[in-house]
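Please read them with the structure open.

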Amino acid sequence: MTQSTDLSRRGLLAGGLTALAGAGLGRSAQAQAPAAAPAKPGLPAYVAWKDPDQMIVHTGTTIETKRSAFGTSVITPAERLYIRNNLPAPDVSIVANRDAWTVAVEGVRQPVTLSVADLKSMGLETVAAVLQCSGNGRGYFPSKPSGTKWQVGAAGCVIWSGVPVRSVVAALGGVVEDARFMTGTGGETLPAGLDPKSVIVERSVPLRAMDDALLAWEMNGEPVPHAHGGPLRLVVPGYSGVNNIKYVKRLAFTPVETDAAIQRTGYRMTPPGTRGDPSFPAVWEMDVKSWINGPAPEAGPVRAGMVQIHGVAMGGSRNLRRIDVSVDGGQNWQEARFVGPDLGRFAWRQFVLPVRLAPGQYLLASRAQDSRFNWQVEATPDNGGGFLNSGWRAHAFPVTVV
Ligand SMILES: Nc1nc2c(c(=O)[nH]1)N[C@H]1C(S)=C(S)[C@@H](COP(=O)(O)O)O[C@H]1N2
Ligand SMILES: [Mo]
């Protein structure tokens, strides 16, 4: 082997292994990586059961659903649902005995630690809800805020089943008098040597969010996958991803917001380039938003003739009233039709517009309207964290019809 080949091989391997290690891949997966392939992270071991063809792996802890992978039947299968972890997930052994997982309930008149088995005796409700990362659409902000450049796929619509938080609270005598926030804490083991407040996943939402919240043990008809927060997840319908605490181990009704960094300085709506602090609004409720999934930009040129333009529309926490589609970048709009069952105000709905397209260039866009006549905005103001991008113009994309 000549020296130059040797060096280039070492360079390639070093780069490849770093990327793979970052993705959390084990030894066997590294060994299988083709030597000549560019360093592209694969699915890490803890989500190896997901469908690699439907996902965009940004890093081992940020994995996005492809635009073409949402399908047209409302619910996002677990195999295609995005992943976002702020910390390494707890050991998978926590789902060995799901009913034994416990959550400490504080800030109620009778504080107590309850097991999942206890919770299962206290009530049952099911909700279809959009789970959407606060940073979904960040990749479309002009200022290129730091963080994962999510496009549309840090979102999914899933069905959660569990006990209503309000039932648990009622059974424990109600919240304490000064409670104004509901605070959930994730069950990760915190890295040693760091200030716990700087890394812990602990989020506060306004107390009113309790009315719709669940402590959920089932997702899409199966026990909540470990990667999505099993054995128990705090689900806060209408609130962006970060507020939906996985492997929740503490639920507290508190007079003030947690001072964990993820709440105090993280996830705040700030001007571009500015650091967050509690004087800026917290990233909580989601807005009315829609985007087109098919024909997908990644699928290449579209055949001329009839085309079924389809996508998803969500109202945040309101029902949808209307959905429009444009094939000329928003100069002209046509009302599209909602498809399939309406799973309630927290779910998304699929829509379709059949159009006959002649060969040429088109710019596809959609805009949704909620039940209170609020239109999806044309552009969300750019912000420091790249949060809550729901602007229709940013989500438009060109297609070529041949
Ligand atoms: N315990 C815990 N909960 C968490 C997180 C986390 O890192 N730890 N990440 C949050 C963020 S930022 C998002 S977008 C969603 C992602 O949920 P998913 O991985 O099930 O798609 O979980 C939220 N809840
Ligand atoms: Mo997120």
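**Notes on the predicted model**

1. Start with the second largest cavity, whose lining consists of Gln 132, Cys 133, Ser 134, Asn 136, Met 286, Asp 287, Lys 289, Leu 388, Asn 389 and Ser 390. A cavity here is a set of points, on a 1 Å grid over the protein atoms alone, where a 1.4 Å probe fits but cannot get out; lining residues have an atom within 4 Å of a point. Its volume is about 60 Å³, a volume being the space filled by probe spheres set on the points, with grid points joined across faces, edges and corners. By class this lining has 3 nonpolar, 5 polar and 2 charged residues. Ala, Val, Leu, Ile, Met, Phe, Trp, Tyr, Cys and Pro count as nonpolar, Asp, Glu, Lys and Arg as charged, and the others, Gly among them, as polar.

2. On conventions: this is a predicted model, in which local features need pLDDT of at least 70 and side-chain atom pairs count only at pLDDT 80 or more, while totals for chains, interfaces and linings use all residues. Residues are numbered from 1 along each chain as its sequence is written, chains are lettered from A and ligands numbered from 1 in the order in which they are written, and side-chain values use heavy atoms, with hydrogens and water left out.

3. Confidence is given as pLDDT, the predictor's score for each residue from 0 to 100. The protein chain averages 91, and 90% of the residues score at least 70. Over residues 1-34 pLDDT stays under 50, and the model has 24 contacts (heavy atoms within 4.5 Å) beyond four places in sequence for them. Helices (H or I, at least four residues) and strands (E, at least two) are DSSP runs, numbered from the N terminus.

4. The whole structure holds 4 cavities of 30 Å³ or more.

5. Leu 388, one of the residues lining the second largest cavity, has a phi near 50°, a positive value in a residue other than glycine. Leu 388 sits in the loop between strand S20 (360-370) and strand S21 (397-401). Its relative accessibility is 16%, so it counts as buried (under 20% relative accessible area; exposed is over 50%, partly exposed in between; 1.4 Å probe, protein chains only).

6. Tyr 267 also has a positive phi, near 50°. Tyr 267 is in the loop between helix H6 (261-264) and S14, and is buried at a relative accessible area of 11%. Most residues other than glycine have a negative phi, and most peptide bonds are trans.

7. Pro 231 is in the loop between strand S11 (222-223) and S12, and Pro 295 in the loop between strand S14 (289-294) and strand S15 (305-314).

Methods:
On a 1 Å grid over the protein atoms alone, a cavity is a set of points where a 1.4 Å probe fits but cannot get out, and a pocket is an open set with protein on both sides within 12 Å along at least five of seven lines; lining residues have an atom within 4 Å of a point.
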